[in-house]
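Subject: Handing over the structure

Dear colleague,

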Amino acid sequence: METTAWLVLAFPLAGAILIGLLAQHVPAKLTGYLGTLAIGGAFVSAVLTFLSLQGREEEARQVVFVGWDYARSVGVDAQISILVDPLSVLMILVVSGVSTLIHLYSVAYMESDQGYARFFAYLNFFVFSMLLLVLAGNFMLLIVGWAFVGAASYLLISFWYRRTTATKAGIKAFVINVVGDVGLVLGTYFIFKHTGTLDFLGTFDSVERDFEGSTGDLTAGCLLLLVGAFAKSAQIPLHTWLPDAMEGPTPVSALIHAATMVTAGVYLIARMHPLFEQAPAAADTGAIIGAVTLLVAGTIAIVVTDLKRVIAYSTMSQIGYMIMGVSAGAYVAGLFHLMTHAFFKALLFMAAGSVIAAMGGRQDLDSMGGFRKAMPYTFACFCIGGLALAAVPPFSGFFSKDEILLDLGAEGGWHWVLYVAGYVGSLLTAVYTFRLIFRAFFNDPVPEAQELMDGHLHHPAEAANPATGETEDTDVGFPGADHHIAEQSPFMRVAMGILALGAIVGGFIQIPKVTHGLESFLDPTFARSEIEVEPSDGLIYFGLVLGAVLGLLGIAIAYRIWVQKPGTSAAIQARLSVLHKLFSNKWYFDELIELVVVRPLSWFGRFGQQTFERIFVNGALVGGTTGLVRAGSAAVRAVQSGYLRSYAALLLGGLAVVGFYFLLQA
Amino acid sequence: MNGRKLEGPAIDFAGLSPLLALLGGAVVVLMVGLLRGRAAREHGVPALSFATLAASLGLTIWQLDSSEELVAGALAIDGLGTVLNILFVSAGMATVLLSWRALAPRESAHGEFHALLLTSIAGMVVLAWSTNLVTVFLGLELLSIPLYVLCATEMRRATSLESGLKYLIVGSLGSAVFLYGLALIYGATGSTDFAGIAEANSAVGLSSDPLMLTGIALSVVGLGFKASVAPFHQWTPDVYEGAPTPVTAFMAVATKAAAFGIFLRLFDVALIDSATAWAPALAALATVTIIAGNVGALGQSSLKRMLAYSSVAQAGYMLAGVVVTSGLGVRATVFYLAVYLVMNLAAFAVIIARERETSLGDDLAAVEGIGATRPVLAWPMTIAMLSLAGIPATGGFIGKFFLIDATVDGGYAWLGFVIVIGSMISLAYYLRVIAAIWMRDAPAVAQSTPVPAGPRPALAGGSPEGDAGPGSVALGAESPPAQAGAVVYGGEPGGGKAHWEVALVAVLCAALTVAAGVVPQPLFDLVQRCGDAFTNLV
Amino acid sequence: MAIEWYLIVSALIFSIGAGGVITRRNPLVVLLCLELMLNAANLALIAFSRMHGNGDGQIFAIIVMVVAACEVCIGLGVIVAMYRRRLPIDVDELRELQG
């Protein structure tokens, strides 16, 4: 098991390095296969690890493998160690499995792009970082993986680096991620200060003892960890980077911004649950933020007209469910939703990529319509993904979302607020999902769809940035010339088909009162959890029925508004113009951040630059220091005159000073 | 005498074997150097000297765990001795590779060059094993005197001779001061033995004895000179720049290791009871050294000169490990010595390779643009510079971290702060090299063939004394002796070609530098032995 | 005779040597002055040896003599090489390396 666990990390790393080295020497196509194979190898290793983990005694399913001691001797137990337990194995299975399919999809989707090899090198590096993050056995490696993931995400969002909107989005994502990194590092510091160890298991073993009488520090540490989690998982108020990140190529959105990176926060909270259980204030904060995010993101998703951004807001909203769940103690349910969400959201992104390709790169919902007949395969996949997302039985999302809300309901107390919020969000989800499907696939075919039915693929006269309309070429740094859609590429069909299967059957491993696959698998990780909930039968049946009804109701509403009476949407907009304005401006979060953070900071910065820096920093500090260093340099070099006798004199002079000092002691 | 029968000291020949191998090898190499065959001289001699060093390394590793007296009261082997031996011999092996096809042995004579090199290493070994003031002095001179000659081996280049004479005179001055210090310590304690000195020191309480204190002051200066501690560092830049580059590389790493080895022995064993007197003084010297070295390196265009100042600064860092008088300090110093060895060797190997490939000598311009043209050299240089600056994931970072930890632990936190400040300044000149490697285009004049007016006219010109070695003959005629004595770099026997062994040393040392930063534990374990040698420390 | 006198003489010789190194420009004379410094140390060693009544200092002194001879040899060798290169025999002219 030790070997296979390390191989999970070794494959993607080797892939990234190899592709980087070979890129200029082998045909580009090969790098795509190489990248896919590397991740496939990681998935196989993950499966083998899973099998051998299951072969162990239940008590022995949390194993730490130490690669080597990094620096054990200087007061820190920094080791290169990985923790293999059901939680990390679940994560590596999901991450490597979905990544393999997305690599397969990208082999075709990115085919005409000039940065093909670079894309796969980045992608492999990202997968390595993500696997490092989830396998890390101590805080040091966790931080390394966490930062690597942020860096890889920056590289991939700005993959089309000559597109200004893409580079801006990359920088935004990176900056917010660094805010999260700082939170994580500071949180680690607060925890390390008391436990004296970086090791996860060592930390958890002694939480209660170490923090006796200093729960304030523990709460502060956990809140700071939450900052890290919120930044990675795009929770309010650190969420604004995620919609912008849709500037990256669609496979990147599917991989990073649906299935893997954004779930890192969920993983973090689940991993740190022994800490959060001792710091209920921090856990409650996480749950409330999750609930708020799921509602806010749901409302925005109803009005946004950019295809990928709708899915991005939907992702935010679904992650809100997971964060809410794991923060409130519904660990298994949160991770269950993480898994099913990875399937259906990646599927939705892939299908969306297909539609965008057919539109010649445009993502605007207003100009789409009637693709149902033009792309039946994509339509089918989109519908499966949509039904799973809208939580319609028996698709996977139904069971996983229901599980979270069920646990919250069973916990009672003030958690019923979260319970209600979850069901409201559930209705919103169904509405925005099917708004997407009805607008893109129903009604009369737009010219692009018509063209596709006639056997051509629409190509705009000249390539342009879909967001700003700036003209572009198809050289490296911009998207490639050809667009690839699912119907025409076996690779993409296979990848989407497998995910669709997962989206349909993924929920069956954990059906209330019937199967308990995930719960019993994850049990060793959460064995020490003190939160035990046992939902009553009534609650279970009520929840199942309510969830199904809300899902179907949402679809019906969407059908009524966007198919039956196409004018309704405009009428509602007119009547609720205030709300519409609020939603379509994304609750003014960008503006709020601009007002609260950016403006004061830039005012402060201007003041700093113009007054403080010019006079004090530049004049005195930097100028003074550099002046001092320069003067020192000049002095040292002047003394170094080349005259042998002056060297001898300085030596004897130094001797006199040293001798004098020593004789003073006599 | 008074009827007492003199007994010869017990000598452990097995223990002495690494030293005997070196000395024997030196004699053999000297003899083989007299053979007529060119191949025997040019390849046989380096091969033999490499084999000698390899044998010595093997013998050292063979008795890695032994800790005993070798020659009664004069030499003893212990953890510090063996670890330092490994460093000396490894540096020697690298130097043999670097000088295999270099100009210096061709100009002097292969046999002599390598015999001197081996003798110098033997001196270091004596120094690392010594437990007695007499052997300390003997070892120090045995290591220094061959180096004076080695610096002057490129005899047709005026700067080589200049560096030799400067090193000789200032070095002898340092030795004389050191010797006088040793004499006074002997006078104060009545013993030349380290243990005897320590005993007398603690028994009689000599910590305020003027004789003792003056002796310590003089030996601080003498050793400080050998270790390039400011303000006794001034020979370093001149000698490093003038000496043949393989010799510079050897001096930079091996001499430093030897000097710090004896620093640790003398101060942390024999003079430990006077620590209250010398520790603050050494701390002050370390501060001066760190600052002088780092500011001196700024703006240097000669890479060798820059590395010389950098080595001064690094000496200051390592001195901090001596100041704290703790087992942790000893380990940190030796760890840094080991890391310092590999990172500096990597940098010097690249300089040597570029000297042979271009006509620009060791000027910064020689490495410009090699990121694109010579990645095999660009990466080792980059790694070496990052490591010297102390960037994480390199050995230099761990080493510095270890030293700072030792200073904080030993109550000299401010000295750790000085190390950090020094590192910050040092980034300015290390990153300048990296920028030159990756962000500039290779200069037009780069690829060799003798350029009459190179950027360093002082070094252009031929030799009036015709025959020196094959390959360099052609040049003498070509360029008029603008200034007496020197050789155009581009005309080196390599004919502008890179030699694989130089690149090998660069790559290997760079790999070890990274390894020490990523998997430092084996090195920690090795260094642990040194701490064990100091039973008197915490 | 008290040890102090030996030490004073030794210190004087050492200072004369040091002064000579700083002031003289001919490398031959500089080497000579270095010899003086080493021999000052020798004098001190032998005096101390006598004072303590053990032979360590004398052994030390003999070894120092050998070393001193080596140093002078090397020095002369380098000076000869410089002379053959027609370089000025003056330490103040050795200024190619500086800065």
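The model is a predicted one, in which local features need pLDDT of at least 70 and side-chain atom pairs count only at pLDDT 80 or more, while totals for chains, interfaces and linings use all residues. Residues are numbered from 1 along each chain as its sequence is written, and chains are lettered from A and ligands numbered from 1 in the order in which they are written.

Chain B

Chain B holds 21 helices and 2 strands, where helices (H or I, at least four residues) and strands (E, at least two) are DSSP runs numbered from the N terminus. Of its 538 residues, 69% count as buried; a residue is buried if 20 or more other C-beta atoms, placed from the backbone, lie within 10 Å of its own, exposed if 12 or fewer, and partly exposed in between. Among the contacts in chain B with a separation of 6 or more, 78% join residues 24 or more positions apart, a contact being two residues whose C-beta atoms, placed from the backbone, lie within 7 Å.

Helix H14 of chain B (residues 327–357) packs with helix H13 of chain B (residues 303–323) at an angle of about 170 degrees, the axes being 9 Å apart. Axes here are lines fitted to C-alpha atoms, for helices over the stretch in contact, and angles run from 0 to 180 degrees between N-to-C directions. H13(B) is therefore roughly antiparallel to H14(B), given that angles under 35 degrees count as roughly parallel, over 145 as roughly antiparallel, 65 to 115 as roughly perpendicular and the rest as oblique. The residues of H13(B) that take part include B:Leu307, B:Tyr317 and B:Met318, and those of H14(B) include B:Tyr336, B:Tyr340 and B:Ile351. By class, this contact of H13(B) with H14(B) has 12 nonpolar, 5 polar and 1 charged residues; Ala, Val, Leu, Ile, Met, Phe, Trp, Tyr, Cys and Pro count as nonpolar, Asp, Glu, Lys and Arg as charged, and the others, Gly among them, as polar.

H14(B) also packs with helix H3 of chain B (residues 79–99), at an angle of about 5 degrees and with the axes 11 Å apart, which means that H3(B) is roughly parallel to H14(B). The contact of H3(B) with H14(B) divides into 12 nonpolar residues, 1 polar and no charged.

B:Gly517 lies in helix H20 of chain B (residues 500–518) and is buried, with 25 other C-beta atoms within 10 Å. B:Gly517 and B:Val339 are 178 residues apart in sequence, yet 9.1 Å apart in space, C-alpha to C-alpha. Leaving aside neighbours within four places in sequence, B:Gly517 is in contact with B:Ala393, B:Thr394, B:Gly395, B:Phe397 and B:Ile398.

Contacts with chain C

The contact between chains B and C takes 37 residues from chain B and 35 residues from chain C. On the side of chain B that touches chain C, the largest share, 19 residues, comes from H7(B), and the residues of that side divide into 22 nonpolar, 10 polar and 5 charged. As for chain A, 10 of its residues are in contact with 10 residues of chain C, and H28(A) gives the most to that side of chain A, with 5 residues.

Chain A

Helix H28 of chain A (residues 644–664) has 21 residues that should span 30 Å at 1.5 Å a residue, and its end C-alpha atoms are 30 Å apart, which agrees; the expected span is 1.5 Å times one less than the number of residues. Its buried residues include A:Leu644, A:Leu651 and A:Phe662.

In helix H24 of chain A (residues 537–564), the 28 residues reach 39 Å from first C-alpha to last, close to the 40 Å expected. Its buried residues include A:Gly543, A:Leu550 and A:Trp562, and what covers the buried residues of H24(A) includes helices H19, H20 and H25 of chain A.

A:Glu534 lies in the loop between H23 and H24 of chain A, and counts as exposed, with 7 C-beta neighbours inside 10 Å.

With best wishes
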